[in-house]
Amino acid sequence: MSKPRASALIPLTLSLSAAFGGLSAIAAPADDAASTSAQTSALTSAATLAQIYQQPSEAIRAVLDAKALPVYQVSPDQRTLAIVVNRKSRAIAELARPVLRQAGLRYDPATDSPQLITTIESLSLRPLQNGASGVERPVALPAGGAFHLLRFSPDGKRFLLNRRTDTAVELWVGDVATGKLKAVPKLKLHTMLENDVVWLNDHELVTLTVPAKRGAAPTFAAPSGPAIQESIARNSPERTQQDLLTNAQEAAVFAHHATSQLARIDLNTGAVRPVGEPGIFSHLEALGTPGQVLTMRLLPPFSYQVGWDDFAAQAEVRGVDGKVASIGKVKLKEGVPVEGVITGPRNFFASPGADGAVYWVEALDGGDNRAQVPHRDRLMRLDAPYTGEAREVHRVPQRLSRLEFVEGGKQALVQDFDLTKMRTSTELVAMDGASPAQRLIERSVRDRYRDPGTPVHRMQPTGRPVVRLDGDAIWYFGTGASPEGDKPFIDRLVLASNKKTRVFQSGSEANGGDSAHYERPLAVLDTEGARVLTVRESVSEPGNVMLRGGAALATAQALTDAKDPSPQLRDIQREFVRFKRADGVELSFWLYKPPGYKAGERRPTFVWAYPLEYTDASTAGQVSGSGNRFNTFAGTSPLMLLLDGYVVLMDATMPVVGDPKTVNDSFIAQITANAQAVIDKAVELGVSDREHMVVGGHSYGAFMTANLLAHTHLFKAGIARSGAYNRSLTPFGFQSERRTYWEAQDVYQKLSPFNYADKLKEPLLLIHGEADNNSGTFPIQSARLYQALAGTGGSVRYVTLPFESHGYSARESVGHTLWEMSEWMKRQVGPGAPIPQP
């Protein structure tokens, strides 16, 4: 168990060579003993001062601490609009709470819930009467604990909230008509692995609870022996992960906390009745047959190589009467080929229809993507009473990646994914296997312009979401990426003919829109799309809910009135810029100019990017984003640097184009060409100066940053957050790399900035969460690169954020990260002010 410690409120700054006080990144050699002593004293003093949380500028703090904008949620019956304001950040003390890190999971042992939750600060309900807005009713949230996870009942008359206290996760029930809340007494929810609920009727549900007679967790005064693992003459290429089990004692503690009790809860009376025996339930899903649920139950022994979601598991159909039918067993996912899958049953699905059928996927290629076969996966079906033989209902050419039932349960949208070509296809499948599948769409996964969007869902009486079917048509909400930017849309797709009709699109004159607004769909209120809800925003207006109706949905009525929490951001200028790199590949960035910027000024510039792989140049140059979005800067966004006067080139595209199998062979050359083109364009626009440009990124963007500094001299400095820099520590693949270290050793070595530490001379700021559990980006990656740079004369500063994971969530950590970034910019390229021109 991780315990609070004396340094809990101290960001660890490990670099003396980059301490504050106006010192150069690396102190110059001393001429005499007095000078050496003075420099040592200055370094030590500055480093000591840096060991407390710092705050960014007042301008950044004002935006950082401004009220969050609301998010909107429509009830299943579409009669109520929930307006939710979530807490923007948490305190470091919350991260410092005791937490267990086991089986690839971080959880709060006092409440058997995930370590981190999104806390609701305020909630209000607004009736939608015949599409019009009624009077908004605030919901009084009792003090104490953290409310989270708003859910409506299928009939829309109740809503549920979870509240986490120091000792339990409670279930609170609200009445939509009045907004009044009450707790289900003496109930402790178990949300560690699953937080879903199944509705039996309008007042009863089934969910997971803490077993009443579980007892205390096992404790151990000392280890029972060494941790031992063994692999004899077998391939087990597991990707690097954090927080895995290491011994039998940890496994016993995990089993204790992960064990839950299926329970039936009466919301009217507060009665809680256990269903069957406790188990380690990892999944709960409603069957269409009333009173039955599909569960997945983890099976020991547990692995020390993979996380809990890859443990062996038993699929079972459970009735509220306690009867259990065994469906099939999922194997432990160990010894599986790189990017492969297990053999035998996997990925179980419960039919939402009255047939009560259970489906699962099986590999036809031995689970190995390298095998040449006509079909990789098949879909199996087993009918009630689950005693006969399963039958095959569908095969897919590639790996089955998604299955979404259409209302009624007789059809489903089945998606497969071709890893070798980075392509995906979607078919409409008859779930009884009686008729051929119908191909709906096929595209590159990077092709944003042909993205059909996401099917719209409707909640069933069991609480199960399925693809909404109105007559013979389904609905899609999409981002509407185009060469002119994102223009969200609503499409109506007739299944029989595969014919789409565009019902609404942001900015379309046919819908009464204009080019100044960005409008995304929220809900379709009738069967024909004659009345819809959208969320509309512009550069100067925050998102508000609009009711659209009338001819061609051209009439718009505002239902909410959200206010601008950060008016100072409206002075920021934003422009989308397109250009080409030397070989003709299309590139782009969003050019942000700070408040007070005047035409012709060249200012110190920060370039923020993240590399993506593409199979062809045409998709690499596609436009992402919209110039009509309302500016909101969250957390550690590099856009915060605008408030300190810097120009920011946001989301500068860094495409790496080529065959997915070998695309990384040219990674360095391509990101170099991208960076050169970005700099050239910024200089051509007159906003930047070549000698005052800094590059940065997070995760794979940090990896890119370090490589650019190691192999080029294009930038004056870099900021790398939570990255990986030694690819020999991720030997079984990283990002899109499918080859192992031993299959492409030269690529792994060349793409490791650690190997070029002696050549990386531009100053580099490294920031990493102390508890990063993202696969591949262990904190040791930054620690070792810091040591390598410090030991070879590099200029480096290394900041470790206590208790933080891959992203940074505590207010103290967020503020300090922004302060570090701004101070680094000042030290390396000067303050955010116009650069004097000769």
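Reply: In this predicted model, 4 strands make up an open sheet, arranged in the order β22-β23-β24-β25 with antiparallel pairing. The edges are β22, residues 346-350, and β25, residues 391-396, each of which pairs on one side only. From one strand to the next, the twist averages 25°. Strands of a sheet are paired through hydrogen bonds of the backbone, and the pairing can be parallel or antiparallel.

Within this sheet, strand β23 covers residues 358-363 and strand β24 covers residues 377-382; the two are antiparallel and are joined over 6 bridges.

Another sheet can be described in the same terms. An open sheet of 4 strands runs in the order β14-β15-β16-β17, and its pairing is antiparallel. Its edge strands are β14 (198-199) and β17 (272-274), and each of them pairs on one side only. Strand β16, residues 261-266, runs antiparallel to β17 and is joined to it by 3 bridges. Here alanine 263 lies opposite proline 274 of β17.

Strand β20 can be examined from both sides. Strand β19 (residues 292-298) is antiparallel to β20 and connected to it by 7 bridges, with leucine 298 opposite alanine 313 of β20. Strand β21 (residues 324-330) is also antiparallel to β20, and 6 bridges join the two. In that pairing, glutamate 316 is opposite serine 326 of β21. β20 and β21 form a hairpin with 4 residues between them, and glycine 322 in the turn has a positive phi of about 95°.

Burial of β20 (residues 313-319) extends to 7 of its 7 residues, and the strand is mostly covered. Both of its faces are covered: one carries Ala313, Ala315, Val317 and Gly319, the other Gln314, Glu316 and Arg318, and all of these are buried. The buried residues of β20 therefore include glutamine, glutamate and arginine side chains as well as alanine and valine.

Helix α7 is also covered. Of its 12 residues, 11 are buried, so the helix is largely enclosed by the rest of the structure. The buried set consists of Tyr700, Gly701, Ala702, Phe703, Met704, Thr705, Ala706, Asn707, Leu708, Leu709 and Ala710. As for length, α7 runs over residues 700-711; at 1.5 Å a residue its 12 residues should span 16 Å, and the end C-alpha atoms are 16 Å apart, which agrees.

Glutamine 115 has 14% relative accessibility and so counts as buried.

Contacts can be listed for both residues, leaving out residues up to four places away in sequence. On that basis glutamine 115 touches Leu95, Val99, Arg106, Tyr107, Asp108 and Arg164, while leucine 116 touches Arg90 and Leu95. Leucine 95 is 21 residues from leucine 116 along the chain, and their C-alpha atoms are separated by 8.0 Å.

These parts belong to a protein chain with 10 helices and 47 strands. Its radius of gyration is 28 Å, close to the 28 Å that the globule rule gives for 838 residues, so the chain is as compact as a globular protein of that length. The C-alpha trace spans about 85 × 75 × 60 Å along its principal axes. Of the 838 residues, 57% are buried. Among contacts with a separation of 6 or more, 60% are between residues 24 or more positions apart. The accessible surface of the chain comes to about 34,000 Å², and carbon and sulfur atoms account for 52% of it.

Note on methods. Residues are numbered from 1 along each chain as its sequence is written. This is a predicted model: local features need pLDDT of at least 70, side-chain atom pairs count only at pLDDT 80 or more; totals for chains, interfaces and linings use all residues. Side-chain values use heavy atoms; hydrogens and water are left out. Contact means heavy atoms within 4.5 Å. Two strands pair if DSSP finds at least two bridges between them. Axes are lines fitted to C-alpha atoms, for helices over the stretch in contact, and angles run from 0 to 180 degrees between N-to-C directions. The expected span of a helix is 1.5 Å times one less than its number of residues. Buried means under 20% relative accessible area, exposed over 50%, partly exposed in between (1.4 Å probe, protein chains only). The radius of gyration is taken over C-alpha atoms; the globule rule is 2.2 Å times the number of residues to the power 0.38. Accessible areas come from the Shrake-Rupley method with a 1.4 Å probe; for residues, only the protein chains shown count as cover.
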